[in-house]
Amino acid sequence: MARLTEENVRLAREIIGRYPKARSATIPLLHLAQEQDGYVTNEAMSHIGELVGASSAEVFGTASFYEMFKFEPVGKYLINICGTMSCALMGAEELMHHAEERLGIKMGSTTADGKFTLERAECQAACTEAPCLQVNYRYRYRVTPDQLDTLIDDLSAGTLSSEIPAHGVVASVRQHIPADRGVGAVAPETVTENPVWLDGKAAL
Amino acid sequence: MTTIDTTDTNDLPPQDPNAVSITINGRTVAARKGDLIIAAADSVDEYIPRFCYHPRMSSVGMCRQCMVEVEGPRGPMMVVSCMTPVADGQIVRTDTPQVKRAQEGMIELLLANHPLDCPVCDKGGECPLQDQAFSHGAGESRFVEEKRHYEKPIAISELVFLDRERCILCDRCTRFADEVAGDPLISFTQRGNNTQVMTFPDEPFASYFSGNTVQICPVGALTASPYRFKARPWDLEQRESTCTTCSVGCRTVVQSSRDELLRYQGVDSDPVNWGWLCDKGRFNFQSINSDDRLSTPQIKSGDTYAAASWSDALESVARVIRHSREGSVAILGGARGTNEDAFMWGALADAVGVTMRDAQLDDGLPESVFSYAQATIDSACAGGTVILLAPDLKEELPVLYLRLRDAVQKKKIRLIEISSHETGLTKYAWKSIRAESGTAAGVIPMLLAQADVSAQLSSGPVVIVAGRPNLAESASHTMDALSAVLAVAPSASVLPVLRRGNVRGALSLGLAPRNGNDAAAILEASAKGNVDCLILLGADPLSDVADIDLARRGIAGAKFVVAIDTFLTASASHADVVLPAAAYGEKDGTTMNLEGRVTSVVQKITPHGTSRADWMIAVELLTLLGHESNFTTLSDIQDAMSAAVPGFGTTTTAVAIKRDGVVVSVAPPSSAPAATSVAGPRNSYEFRLDLSRKLFDRAIGTITSPSLANLATEANVFIHPLDLDRVGAAEGTNVRVTNSHSSIVLPVRASSSVPRGTAWVPFNQIGADVRELIRRNESIIDVRIESM
């Protein structure tokens, strides 16, 4: 697992075709890479750089801003337990301790079988439903330690796989944009560096 | 609108429509539309503190240090002066308490995360952060918390170290790498709380221009290995000079401490280098300090050299010249020295009747290239079309590459490239076509006749950058290609791409071939036993002449060889007498770049051992040979040079010329044009050999600079991936490269930048020498490649 597969390169070209500048596709392509390997590999970043005309360092510079892109392997299920104020008041700490004991790992690490990664998260914007957590960014609200056990059992048994795909899969349905709706590459002369108002005048 | 004082306008020139008048701290400042406030302030020496602003790069407003007040409709407003353009009637204040407070606040914030390890920092003493913390800071810090920590320093390339604790994230190095060098190998990563400059994992900052980032870093975050912990800025003495590593002639300062060269820094010369240097030019000062330098004259006895006194060595040379048959003394080289060196050796050659002389080593173009209308770097970059019939400029003339790349990026010019393999400028070219070596002249009429190309050519001035792209191809092919372009664009001017720093000066001032007796003819004559005394003036034919067989026969055939050099080079070690020459930085004088621009080079340190400037050796020999010589100082030579060489007026002596130098037009005597050679039909050898230089190779100045010595790569032959399949060899395995002359073994690599049917070999890398296959009487060289 390294560079994008042939199938994904085809998808990548389709995605690039949606933008007037190839570089604009960098983040969608990083998602594609993360979906392919479960995390963003160095080889994939170099490959994306080749596809969009950027250096590997530039792709890495962009990717490393985003918490949701992982550069080391993570488990199939990434469990983010919110530890910010509302959740903390409603028992997030106990939930974290319970998860650590149940999985036998510390926060921020991955089980030996590569199934689960535990992470402490900042506010997930569900304060009324505290304490909350996400599995691969799918919410679970008002989670009790018992419910967490059940969740881990279900995930291990694979009964939730239709609802919660493996880490890296953004959506189970891939967005398709007909080619004629994509902006596509335009003549370089018409691309300006500065923002342009709708009537075509330079913004500044 | 400001009211115009009518009493002043009478003697003013007509109003420039772009003229803008602003007020800075009560002073009226003339500026132009689009100028930034900080630039307008600089023009009248109103200093605004700054870290990220650099006049040669785009403004980004990263550091927020340059805040000033601008009068607005709702009162004074704080703006970032490096992002705010001037406007007519604008009122700017840089001295109010509010501005002072804002600037002090910025310094405090920048220092909050700065380790303040100035006592052990190389930048201490010349550090913009340190200086401006004193000049524009509050003096006291309120920060008592623990600072951030990073591993320090980490090597981001062979030459550059990064200390992330010191970094203030001004974006200068990353902007330089992206905008100026076009090698965006460093970038901000982990943006947010932990933003840091970093390379891609396992992909070092291997840019030819990486040293510039060290120079423009406003703190000690980037340091270069050759200078780390070598000196403190207040111990350095410096003089402004010109780099003579290649023929671009970048302006530099040469810095030394305790009579040892320690650093070169780029100086902003507007018509030439804009402050940039390549890493080779920046770091090869190490070779001047090398212990391997020749320090005393040596006379060969048997197989060993014995140190000799200058008088004995010079007398033995003079004796040989005296007893040489008429017309059997030859001088090769001179392009590594100054104009004065070349002029004196030319004068010596004239006095002794030397007809065989050449400053080039069969690797350049005939001097007739100077007879066309000449372009300058500025005129090439100003607008119109630039046609490249040249070697890879990124490899050979890196700063010219920067200038042309900049002009393309700013949409000032369009490049048309005709080359035998892809070069550093290919991706910036408007049209880039691959013409197999020897065929460019045939392709050009068709290419330039295309409707869009001819429209482009007629839309503005045309400059042809002409040089030898392939050392295995005769110069006549380049000259034919040049003529083919000039036939279509007769008003085009030519920028000759020359190898070695002062080729143009040496050719113009007396070391140009006479009667077509160029380096190849001289070596051929020597091989036939017709040279009694061969003088190698900083020339190393065994390393540089493409036809190595000719060089070997030439050196072996000479009855007596004198080498005047800084090192015992491959050729010098065959000499009967070796004279140690003063190197760059050890002598004063002037040099001439590829445009014909004359600038000064200066002495900063004492010459190594007893070595002497080339001109002194010429003067000594002139006297020993019984000729009257009134030359005792450099200015005597400069006076004589100004008098003797038309176009080399008094304005061009070292004292008179300023930073940007003076472009002179001196036509070297044009020797008889070489016979036009036509590439023969492809023989049974299916690959055409393409031999070209890389920036870092096994050249003596590079391998004697420890920090550059490792940058030469292993010798490889590069062929197209499909050709690799056809040859049936695996990537990296050895193949046999053969033609009728010889056969060598080289590792093969696939490269899609090489067209099918071409075998590209970088010159003078580590490993087998492909020059064994080259004979200069064949205008192109075809080879066979077989897997082993």
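**Notebook: sheets, helix packing and the A–B contact**

I began with strand S1 (residues 19-24) of chain B, which two bridges join to strand S5 (residues 91-93) of chain B in a parallel run. Helices here are DSSP runs of H or I with at least four residues, strands are E runs of at least two, and both are numbered from the N terminus. I count two strands as paired if DSSP finds at least two bridges between them. Ile24(B) has Val92(B) as its bridge partner in S5(B).

I noted the ground rules next. The model is predicted, so I take local features only at pLDDT of at least 70 and side-chain atom pairs only at pLDDT 80 or more, while totals for chains, interfaces and linings use all residues. Residues are numbered from 1 along each chain as its sequence is written, and chains are lettered from A and ligands numbered from 1 in the order in which they are written.

**Five-strand sheet, chain B**

I traced the order as S2-S1-S5-S3-S4. The sheet is open and its pairing is mixed. Strand S2 (27-32) and strand S4 (75-80) are the edge strands, each pairing on one side only. From one strand to the next, the twist averages 35 degrees. I then looked for what lies across S3 (67-72), S4 and S5, and found H3(B), running at about 145 degrees to S3(B). Angles run from 0 to 180 degrees between N-to-C directions, and axes are lines fitted to C-alpha atoms, for helices over the stretch in contact.

**Three-strand sheet, chain B**

I read a second open sheet as S6-S7-S10, with antiparallel pairing. S6 (154-155) and S10 (222-224) of chain B each have a single partner strand, so one side of each is left without a neighbour in the sheet. Three bridges join S7 (residues 160-162) to S10(B). Val160(B) is bridged to Ala224(B) in S10(B).

**Helix pairs, chain B**

I checked H3 (residues 97-112) against H4 (residues 128-136). They pack at about 140 degrees, with axes 10 Å apart. H3(B) and H4(B) are therefore oblique to each other; angles under 35 degrees count as roughly parallel, over 145 as roughly antiparallel, 65 to 115 as roughly perpendicular and the rest as oblique. The crossing of H3(B) past H4(B) is left-handed, meaning the near helix is turned anticlockwise from the far one by less than a right angle (right-handed if clockwise). Contact residues (C-beta atoms, placed from the backbone, within 7 Å) include Ile107(B) and Leu111(B) of H3(B) and Leu129(B) and His136(B) of H4(B). By class, I have five nonpolar, three polar and one charged. Ala, Val, Leu, Ile, Met, Phe, Trp, Tyr, Cys and Pro count as nonpolar, Asp, Glu, Lys and Arg as charged, and the others, Gly among them, as polar.

I then took H10 (residues 339-352) with H21 (residues 614-624). Their angle is about 20 degrees and their axes are 8 Å apart. H10(B) and H21(B) are therefore roughly parallel to each other. This crossing is left-handed. Among the residues in contact are Trp345(B) and Leu348(B) of H10(B), and Trp615(B) and Leu622(B) of H21(B). The contact has nine nonpolar, no polar and three charged residues.

**Chain A and its contact with chain B**

I counted nine residues from chain A and 13 residues from chain B in the contact. Helix H4 (residues 56-63) of chain A gives the most on the chain A side, with five residues. That side has three nonpolar, five polar and one charged residues.

Last, I looked up the domains of chain A: domain 1 (6-71 + 170-190) and domain 2 (77-157). These bounds come from an automatic or database domain assignment. The C-alpha centres of the two domains lie 30 Å apart.

Notes
Contact = placed C-beta atoms within 7 Å.
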